[in-house]
Amino acid sequence: MPATTIKNYSIIAFVALGGIMLIASVWGTFLRQMKSDKKQTIEAAVQRNANLAVALEQYAIRTIQNADGVLQLVLLEWERSGDNTDLEKLIKHGAINKEYFTGVTITNKDGEVIKASFKLNPLFKNNVKNLPGFIYHHQNINGGLYIGPPVHSPTLGIALLPIARRINDGKGNFSGVVTVLIKPSTFTSFYANANLRPNDIISFVSPKGITYARRTGTKESWGENISKSPLYKHLATNEVNNYFAPDAIRNIPTFFSYRKLKDYPIIATVGSSRSDILEHYYQRTSIDRRYTIGITVLIFLFSVLVGMVLLNRKSSLQKIKESETKYRSIFENSQEAIFLMHPNGKIITTNPAACKAFAMSEKEICKKSFLELVDQSEEQPTTQFIDQLIAEKGNKEVYFLQGNGSHFIGEVVASKHTDAEGNQRCIVIVRDITERKRMAEKLFTEQQRFQLKVTEQVIIAQEREREVIGRELHDNVNQVLTTVKLYLDMAMTNKETRDLLIPKSIHHVVQSINEIRNLSRDLSAPTLGTQSLVDSLSALVEVVESSSGLQINFTHNTEASLNKDQKLGIYRIVQEQLNNVIKHANATEVQLSLVQSGNKMQLTVKDNGRGFNTTLHRSGIGINNIISRVKVFNGSVRIEAAPAKGCTLHVSIPVQASNTDENGQETDSSLPSIDRTNLQ
């Protein structure tokens, strides 16, 4: 084989090797970036699920505690009245909230249902002696609170989840069971308005693998057997954890977060499918892959061009000049600093991008070796530094000095080649990544700051809610119950006043129940998903009139079907303004108007109170809350007030129609970002 052909093959091999190294460097960076992006995306989704599981756990505990409170109340009433226990009376007086509990039953020791808060079907035996809850309490004298899997009620025709306690006679013997019946959907209704994707899962399951309640997207279910789920392997070692596995029912790969409820045999789980979590990641990957392919094509074309120049070095001078022009165009217009140097690091030439990056002229740079450009305080390069860069076959981050004394971080890739005269040369490409590193650090700092801010606001909201509840309980309920205790103590020691004091005690207990019910109503969102806004406002007006003595004239004329967030916002605004009138206005009459005008909903609340000077008084917390709620819906607020002339609140909100699913239920996806904590 001729020597010229061998030399040509060597040139092709060296050019190909350099191009392969550059392409490998580009693809290595792409793969590392995608791996990091995927990891961060999954970690963010897992953290979201973990936070959602905490909220789900707290909601379930509150629901169970409320159910247990009803059980305790019915047990006390049964011990006091026996067969005369009137469950309907307890419901009527608000001791049993039908909004949360479907029914309450009392069974005797033989399992026969002797009392129920609903009408029993005479076509059925109404005997529960074979049900797990009855068997459990019949066999366990100290069974405590029993939470059973959902069962289908033939009387009510729906699935119900039983929560029960044992009834003992005066000697401690088994006398029956009192049971609260709850719809499984009650536990998942907390997230009925959450922006759940079709494959998102929230569920409550028993330690034996039966689902108490499950919500997949918008679909509610119960009673599935998931005992073979990997959840229970993880639960054996950690009561709170995360894991990745196929969904036990649909076999969809899913990231799960779970928490075992303290003191209760329930596990709360939240899951997001891998496809949903990585959807945007795959979109970003596709864009970056096309970008990387484009760079690869450019490097390939560059390598081919260099190879052609080297292989045709004996061609005419014109062709050499043309090739040199193309080469210099790529070299000069590159955004990365490119150095051509001897293997010992002595710089032969460089491009304008290098002069800009190092804040020096080409002449100043060429007087130095490449090692002199490295920041010696961050790195101690040896004479083998260039060989190490080439041997690593990838990007290396290096601190470089600039001519003005500053420094920057560069991403370096290097390769060797042989020029037309057979001399060994090195090509080093430096990309300034200082800004990218700075932005990454800033993003990380901002993420930490934002997380701290969110945590601080959550704690403030929790403490504010606890302060309100504590003040209400101390100022109202605690005082009434103290009076009841004094009456009962006097009744026990003085038989002559017993008949007088016991009815008074009962009256004050009912008063306490009403106070707690009012507190619960004020803190809970109204059921605007099941009744109209006008009906909810009418109920609010009736309650305020009966408790405050105000005379409220409510007029309305609405045609549009508002979404649930708008309904709740208008309801809270009216509630807030009526509270302001009661506390500050010293008014006797209020004119409340809700009228649709075009595509705007106009709300007006006018009182005949003492008013105030709007130029002297700053807006209080109540007015600020109203303004914040209206801003959420892009509405407007106007307040007209003057001393001794009352106050008028005008609110205008654009109408947004509600969304409904295939069953006619409101999905309410128009405003998924509203902060539910602020609406309380």
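Q: Is Arg-250 buried, partly exposed or exposed?

A: Arg-250 counts as partly exposed, at 28% relative accessibility. Buried means under 20% relative accessible area, exposed over 50%, and partly exposed in between (1.4 Å probe, protein chains only). Keep in mind that this is a predicted model: local features need pLDDT of at least 70, side-chain atom pairs count only at pLDDT 80 or more, and totals for chains, interfaces and linings use all residues. Residues are numbered from 1 along each chain as its sequence is written, and side-chain values use heavy atoms, with hydrogens and water left out.

Q: Which side chain does Arg-250 meet in a salt bridge?

A: That of Asp-247, at 2.9 Å, N to O. A salt bridge here is a side-chain nitrogen of Lys or Arg within 4 Å of a carboxyl oxygen of Asp or Glu. Asp-247 is buried, with a relative accessible area of 4%.

Q: What about Asp-247 and Arg-214, how far N to O?

A: Their salt bridge is 3.1 Å, N to O. Asp-247 sits in the loop between β10 (240-246) and β11 (253-260), and Arg-214 in strand β8 (residues 211-216), so the pair ties together parts 33 residues apart in sequence. Strands (E, at least two residues) are DSSP runs, numbered from the N terminus. Arg-214 is buried, and so is Asp-247.

Q: How many salt bridges by this rule?

A: The count comes to 15.

Q: Which residues form a network with Glu-411 and Arg-431?

A: Glu-336 and Arg-436 are linked with them in a network of salt bridges. Glu-411 and Arg-431 meet at 3.9 Å, N to O. Glu-411 lies in strand β16 (residues 407-418) and Arg-431 in strand β17 (residues 424-432), so this pair ties together parts 20 residues apart in sequence. Glu-411 is buried at 10% relative accessible area; Arg-431 is partly exposed at 33%.

Q: New topic. How many cavities of 30 Å³ or more?

A: The structure holds 1. A cavity is a set of points, on a 1 Å grid over the protein atoms alone, where a 1.4 Å probe fits but cannot get out; lining residues have an atom within 4 Å of a point.

Q: What volume does the largest cavity have?

A: About 100 Å³. Volume is the space filled by probe spheres set on the points, which are joined across faces, edges and corners.

Q: Which residues lie nearest its centre?

A: Arg-214, Ile-226, Ser-229, Tyr-243 and Phe-256, out of 13 lining residues. β7 (201-205) and β10 are the elements that give two or more residues to that lining. β7 gives the most, with 3 residues.

Terms used. Helix = DSSP H or I, 4+ residues; strand = E, 2+ residues; numbered from the N terminus. 1 Å grid on protein atoms, 1.4 Å probe; cavity = no way out; pocket = protein on both sides within 12 Å on 5 of 7 lines; lining within 4 Å.
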